[in-house]
Amino acid sequence: MRRICWITYSTLEERGDFFYSPFASTRYRVLIPAQWLAARGHVQSIVSAEQPEAALAAAKNADVVIFSKSYQDSNEAILAEAKRAGAKVIVDSCDYKFGSHPKQAHYREMIARADGLVANTQEMATAIRAETNRESVIIGDPYEGPKGEAEWKWRPGRRVEALWFGHPVNLDTLEALLSQLAARKAEVALSVRICTRMRAGLEEECRVFNRQVGNRVKVYFVPWSVEQVWKELRETDLVLLPSRVGEEKKDVKSPNRLVESIWAGRFALASALPAYQPFAEWIPLGDDFCAELDWVLSHQSGIVPRIRAAQDFVAA
């Protein structure tokens with residue numbers, strides 16, 4: 001039995017006898033693994049780095065201390081004290097914080113002083129090795145949400161209902177995609193529901209977009225929550241997951257949104273991120289979403305078998 005201390009960058013909310021976080025990285029990289037380890041007899045303590053005194057006390061009383069997505073400079077002192085108390089320290093990375101990132105000096109310091117490193121993807125591990133000459137153990141993200149029945153819901157005579165969900169920091173990739181879709185000349189129009197946290201001006205941007213091109217593509221803002229994402233996935237026809245392949249901060253990302261979409265029983269169109277490649281047998285990957293959408297509409301009978309096969313791959 002080990003005493004494991006998790007120190008996360010985000011605030012934590014108590015729900016019942018455990019914690020909740022609105023941040024996917026905290027749920028995937030801290031809360032879900034901690035529950036799995038607790039079920040196997042290990043003692044868990046989970047603390048926010050925004051409470052450095054509590055984090056320090058917990059770290060000094062642990063056998064293993066895991067810093068997940070470290071941003072706070074105070075973590076450097078906590079790391080030192082934890083090692084002085086005899087704990088092994090692990091730094092877990094799921095974001096690219098090199099180059100011009102404002103926290104890169106802190107990030108490098110944490111990596112240099114850790115006993116072990118964990119990365120969410122092979123691309124993240126490769127970036128860490130290139131920048132620091134240190135190796136990482138690769139542990140991918142778990143997935144959450146109920147498994148949905150594989151289904152292709154669209155029928156002729158109505159718009160294709162599409163969904164984009166994610167952090168507002170990724171809205172730039174959606175804006176580029178919407179411009180592409182607005183120029184698409186086809187008989188079938190789209191509605192795109194944008195499930196994210198509110199960003200200043202987003203609702204007005206949707207209204208302006210709809211006035212300009214709403215006959216071809218309409219967009220709607222939907223306030224984000226974990227439960228709302230699951231509801232949107234149940235009701236949508238397909239999911240849109242654009243990105244910017246070749247950008248370091250994008251390329252290191254895990255396939256968590258694609259996996260969640262597939263697990264919910266929905267088809268997706270996605271950019272060809274490295275982490276999406278294992279799904280290329282079933283999911284069209286590329287940057288020409290107009291061509292991919294036309295392909296879907298001309299191959300509707302094959303969509304459900306593809307979703308089921310991808311679900312089997314996730315569950316394996």
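1. In the residue classes used here, Ala, Val, Leu, Ile, Met, Phe, Trp, Tyr, Cys and Pro are nonpolar, Asp, Glu, Lys and Arg are charged, and the others, Gly among them, are polar. By these classes, the lining of the largest pocket has 18 nonpolar, 13 polar and 13 charged residues.

2. The model is predicted: local features need pLDDT of at least 70, side-chain atom pairs count only at pLDDT 80 or more, and totals for chains, interfaces and linings use all residues. Numbering starts from 1 along each chain as its sequence is written, and side-chain values use heavy atoms, with hydrogens and water left out.

3. The largest pocket has a volume of about 1,000 Å³. A pocket is an open set of points on a 1 Å grid over the protein atoms alone, where a 1.4 Å probe fits, with protein on both sides within 12 Å along at least five of seven lines; lining residues have an atom within 4 Å of a point. Points are joined across faces, edges and corners, and the volume is the space filled by probe spheres set on them.

4. Of the 44 lining residues of the largest pocket, Asp95, His167, Val169, Asn170 and Lys253 lie nearest its centre. H1 gives the largest share of this lining, five residues; helices (H or I, at least four residues) and strands (E, at least two) are DSSP runs, numbered from the N terminus.

5. The second largest pocket has a volume of about 330 Å³. Its lining has 13 nonpolar, one polar and two charged residues, and H1 supplies the largest share, six residues.
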